[in-house]
Amino acid sequence: AAPPKPPAAAQPPPRSPAPPPAASSPAPPRSAAGNDDAERSARVHVVFSTDCTTYQDWQTEVVFNSADIVGHLGPVTRIASGCGADRERELRERYAKLYGSGARFGLHVTPDFGKDESTGKSYHFYNKPRGIEHFLAESKGVDFNAAPIVALIDPDFAFLKPMTDRVAGPNAIVKKPWTVDELPEFVDYGTPAGQQYGLGTYWLGFDRAKICGEGSPCTRTKQADAMKHYPIGPPYVLHHGDWRKIAPVWREFAPKVYAQYPDLLAEMYAYCMAAAHLEMPHARVNNWMLSNVNMGGEEGWRHLDALSLEESCPAEGGAPPSLVTRGSPGHPLPGFLHYCQNYRVADWIFAKRRVPPHVFTDCAHPFLKAPGLADTQVTYEMHPPGNPCREKAARKPLPTRGPVVNRTAAAVCLGTYYVNAAAKRARFAAERARRSSDAPRQASSNSRSR
């Protein structure tokens, strides 16, 4: 069936120009391009949008804990939509126990924006543009001078290294029509950047005038410019002054795009169109994320392919991967693992929908079993039966050439490690709190026994 026709759109009112951004704190000394100067990560505030389910509770703790493990210095904030007062209090108390009061890991709560009031249509991902807009306008105590760069990721991200504002350098990966020489050295006001996704230029076929307005620059965007500057997604990395310009337009365009294209990616296309409308071309990079093991240069796998697999999958299953705990001296690393895929190698799988939330809250629950290096050196993957009563698990072959097996093994090992590491931290904090609460009762009992 054809997608529903969008409602007739009134001309959007003229937008006043965004106020100039507040003066940023002095940038740290610029070291030689290509150095992963972690001190620059103090300038980057990483944020991500979630609902208030336990499914995204554990993902949040993976984000926070992975940032701590790799030494990211800037603040990291969960923008949680639709939490009630009791739920908000519960989360704040939990984070204070896990990370300490006043820690750089924060929570910003918004209303549930998952339904468009003008159309009555529900779309969970409305929370992302509306959440970032709410965060910029309503957050308390956020120092945008100290961390002027805001990087928007998804909740199913884990840090592989500190996120900095650096774009160019010998570690950058780009695909045509980009060349490394064209990249800006750093993200700054007026110089946004993002990770390339496989969005292409599909949005050029939408009724752009109904979405962007008659005469919008979005309606005049050509194929070449659309492909070069706008097929991007998380991490979206912008100066907070640029976020203040694009967030309200993104929020306005998202339901209009969804009306023409009722699909998961509607909000991502809305971002592309908002950037084109504002004539805000983005630097498009490919090294900020790992996700799809079958991708070529579109993601940062080239950096991982250059390493020994043992840096991601230790010989002993469950041992901390050296890639995470000490980096890989002399070798560049991608920015994040985006574990939105199902990763299968041999009899092992890492799939976010299969992670039991109780592993973070129940000390009796077993941790995820982790493969060792030898367990991953096979040429098949196991698929569970669609109907366990009638079918058996099936082995499917993996490629015998190329890097896919090692990439998949690395994703399984890294994903498993990050979940277990965050769960161990949560259990340790719970046990510490229990012992602390038991101590006064024990002291009182001892006093009475005397």
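**Strands and pockets**

Modeller: Let's start with a pair: A151 stands opposite V237 in β7. This is a predicted model, where local features need pLDDT of at least 70, side-chain atom pairs count only at pLDDT 80 or more, and totals for chains, interfaces and linings use all residues. Residues are numbered from 1 along each chain as its sequence is written, and side-chain values use heavy atoms, leaving out hydrogens and water.

Biologist: In which sense do β4 and β7 pair?
Modeller: Antiparallel, over 4 bridges, with β7 covering residues 232-239. Strands here are DSSP runs of E, at least two residues, and helices are runs of H or I, at least four, numbered from the N terminus. Two strands pair if DSSP finds at least two bridges between them.

Biologist: And how does β1 run with β4?
Modeller: Parallel, joined by 5 bridges. V47 has L152 as its bridge partner in β4.

Biologist: Is β4 buried or exposed?
Modeller: Mostly covered: 5 of its 5 residues (149-153) are buried, meaning under 20% relative accessible area with a 1.4 Å probe, protein chains only. I149, A151 and I153 point one way, while V150 and L152 point the other way.

Biologist: Switching topic, which residues lie nearest the centre of the largest pocket?
Modeller: D154, D156, L264, H338 and C340, out of 34 lining residues. A pocket is an open set of points on a 1 Å grid where a 1.4 Å probe fits, with protein on both sides within 12 Å along at least five of seven lines; lining residues have an atom within 4 Å of a point.

Biologist: Which element gives the largest share of that lining?
Modeller: α1, with 3 residues.

How values were computed:
Buried means under 20% relative accessible area, exposed over 50%, partly exposed in between (1.4 Å probe, protein chains only).
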